[in-house]
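Trainee: I'm new to this one and don't want the whole tour yet. Please pick a single part, take a close look at it with me, and tell me what sits around it.

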Amino acid sequence: MTSAEMEFCGLAAYLPLEAYVILGETIKNRDMIDCIAEIAARRSIPCFCMDREAEGCYLICHNYNSGFEQMVRHVIEEHGVRRVNMLAGFEGHELSDARLQVFKKVLQENGIPVEEERIGYGQFWETPAQQEMERFLQSELPMPEAIICANDAMALVACNVLEKAGYRVPEDVIVTGFDGINDGKYYLPTLSTCVPDYDATAWFILDKVLEWRKSGRVRPEAFTINYVAEKNQSCGCQPKDNENRNEIIRRLASSLGDCAWHTHAMNEMVTGALPLQSMEELMQITPKTEYIPKQYFRNAAVKQELFRGSIGKDVQGSMVSLLCGGGGRYFSSGESFAVKDWYVSISIPDDRWEIMLVRLLNAGKTIYGYTVDGFKDIDQRDMQRCDEFSMFLSNTINLVLQNQQLNILKHNLMQANKELASLSELDAMTELYNRRGFYKHFARMVAETSRKYAVLVSVDMNRLKYINDNYGHIEGDFAICTLAHAVREICGDEAVCARFGGDEFDCIIFADDIAELTEEDLGCRLQQCIDETEGVSQKPYPITASIGVVARERTDELDVEQMIGKADTLMYSNKRKAKENRS
Amino acid sequence: MEQKEKLIGIFVARAFEENNLNFIHALHRIGKKQGYNWSSFRWIPALREIWK
């Protein structure tokens, strides 16, 4: 069982229930049934499980062999029919064979010979049933007075085939089915069939709950749901009338209209969420997409963790109300509450509700939250509509979360690109610009600054090879970083400083006054800055540099290459002079 | 308030037979006479069996 299903089962644990009823046949997951039974056992309340055995539960089983004999006897003994055909299911199918044996037994008890040609295997569904019906009509045996079918689906086919062939049901041929499906109720003539006795089942459950209330003890036992014959129009026991049919058609038409309308409303909800980036935004629009007036109330809540901590504290097991209201008025409360209080948190504007439907909001195995709908009474379309809402809302939440995730990724990607762009312009060792960064930011500064002059400073370290050869490359790197630091210090914040090569630096300074930006001034300040750098005074080697300075008026036509060339020439000239002075 | 607290919970998968709804209706109709409401817990659709 997935953790999502487990969590969902857990919701029931916080509801003041007096009994659990598990429709076991609809639940394919055995662990899920065991989990629900276990919760009931922990709470010491009765648990009823239909068609599946579960530990500590009252077993309620359909007896699919019951009722059929009642119907066969009704047709033969009460309607006095002598020529009877049967549409069985699969040959060799346990239930089909059992019904066929009942059919043959009743025939024999009434002195009617069993003619194999009057038996067809319609396999419980339309196409083979139609083929068998056509075989009956083409048979040389006298036309049957009744056709008894092993299920309703085949009985409806039998009615249609007879009608097309010009026979009237039940005046010419009686037709009966088994199951009590809704199609049989909508058909005219309404189908005589066998239906499970659910009233008796409900009484059994309520009796056992009452017993538990009185004694405080659960004593599991088995109960059988028997089928009973429901004698309607297709056997001639009820008069044909159109009143019921009109009502059925009206309801079906209304359901069809509702399907179209609701699909449209749900589509609006999903498309409205397309541009949303967060659950907070979804919470704002969800109530506006809610037009369903029939519910007494509707609530939807999602896990707080989906809000990325923006609402309240992100505590495990906390939920946030996404939508609540009723009677056509819905709002988003944004209220945060512990999941154990989910039932208490439902704001119910009308307390006349009798039926509450709770559904999962999920995408596959990931659970987002739940929806709760309250009704006075309910039909199949109401249930479908609530299912549609929970499915569409799940998809909408999924969409918003995907957007949210994409947004985070986009932001991270942009940040990473920015860092990469920055790194591609910087020299890793000195953190000054590299050649690419120098030209880019030089162009930017020329366009942005209003300073009058541009001063290009070319700097080259003296005797780096001597330091590398005698004290190693780590010391050489120290000397380069010290010089880089000093260059940045003397050029100021508005300058663009770059390391062009191993020990070559070029800087461009924009200034209105260049009186103090001469080679002599800058050279002195550079050396002073180097000497004041921490650790330099303890080094056994001197760190010095040669500089060349070129100043120009700042114009749009400023030729930086020409300035670099000129400054380099001056710098090398100064370097030569210094070397001559040393020797 | 007392009446609302008399609740029976029904667990059912999303895809279910019409007869299940008939059963739910019967339990609702008869339970109502004794002051019971019901709640239904429904989840992930299960594969539907064609034949009983």
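Mentor: Before we start, a word on names: helices (H or I, at least four residues) and strands (E, at least two) are DSSP runs, numbered from the N terminus. Keep in mind too that this is a predicted model.

A quick stop on the way: A:Asp51 sits in the loop between strand 2 (47–50) and strand 3 (58–63) of chain A. Its phi is near 65 degrees, a positive value in a residue other than glycine. A:Asp51 counts as buried because its relative accessible area is 15%, and the cut-off for buried is under 20%.

Now for the part I'd pick, the sheet. Look for an open sheet of 4 strands in chain A, in the order 5-4-6-7, with parallel pairing. At its edges are strand 5 (119–121) and strand 7 (174–176) of chain A, each pairing on one side only. Going from one strand to the next, the twist averages 15 degrees.

Zoom in on one pairing. Strand 6 (residues 146–149) and strand 7 of chain A run parallel and are joined by 3 bridges. Here A:Ile148 stands opposite A:Thr176 in strand 7 of chain A.

Next, see what packs on the sheet. Helix 3 (residues 68–78) of chain A touches strand 4 (84–88), strand 6 and strand 7 of chain A, and its direction makes about 180 degrees with that of strand 6. Helix 4 (residues 94–109) of chain A packs on the sheet as well, touching strand 4, strand 5 and strand 6 of chain A; its direction makes about 170 degrees with that of strand 4.

Stay with helix 3 of chain A for a moment. Its buried residues are A:Phe68, A:Met71, A:Val72, A:His74, A:Val75 and A:Ile76. These pack against strand 4, helix 4, strand 6 and strand 7 of chain A, and also against strand 8 (193–196) and strand 9 (222–230) of chain A. Just after helix 3 of chain A comes A:Gly80, with a positive phi of about 70 degrees.

Finally, follow the chain into strand 7. In the loop between helix 6 (152–164) and strand 7 of chain A you'll find A:Pro170. The peptide bond joining A:Val169 and A:Pro170 is cis, with omega about 10 degrees. There's also a cis peptide bond between A:Leu188 and A:Pro189, where omega is about 5 degrees. A:Pro189 lies in the loop between helix 7 (182–186) and strand 8 of chain A.

Key: Residues are numbered from 1 along each chain as its sequence is written. Chains are lettered from A and ligands numbered from 1 in the order in which they are written. This is a predicted model: local features need pLDDT of at least 70, side-chain atom pairs count only at pLDDT 80 or more; totals for chains, interfaces and linings use all residues. Side-chain values use heavy atoms; hydrogens and water are left out. Two strands pair if DSSP finds at least two bridges between them. Axes are lines fitted to C-alpha atoms, for helices over the stretch in contact, and angles run from 0 to 180 degrees between N-to-C directions. Contact means heavy atoms within 4.5 Å. Buried means under 20% relative accessible area, exposed over 50%, partly exposed in between (1.4 Å probe, protein chains only).
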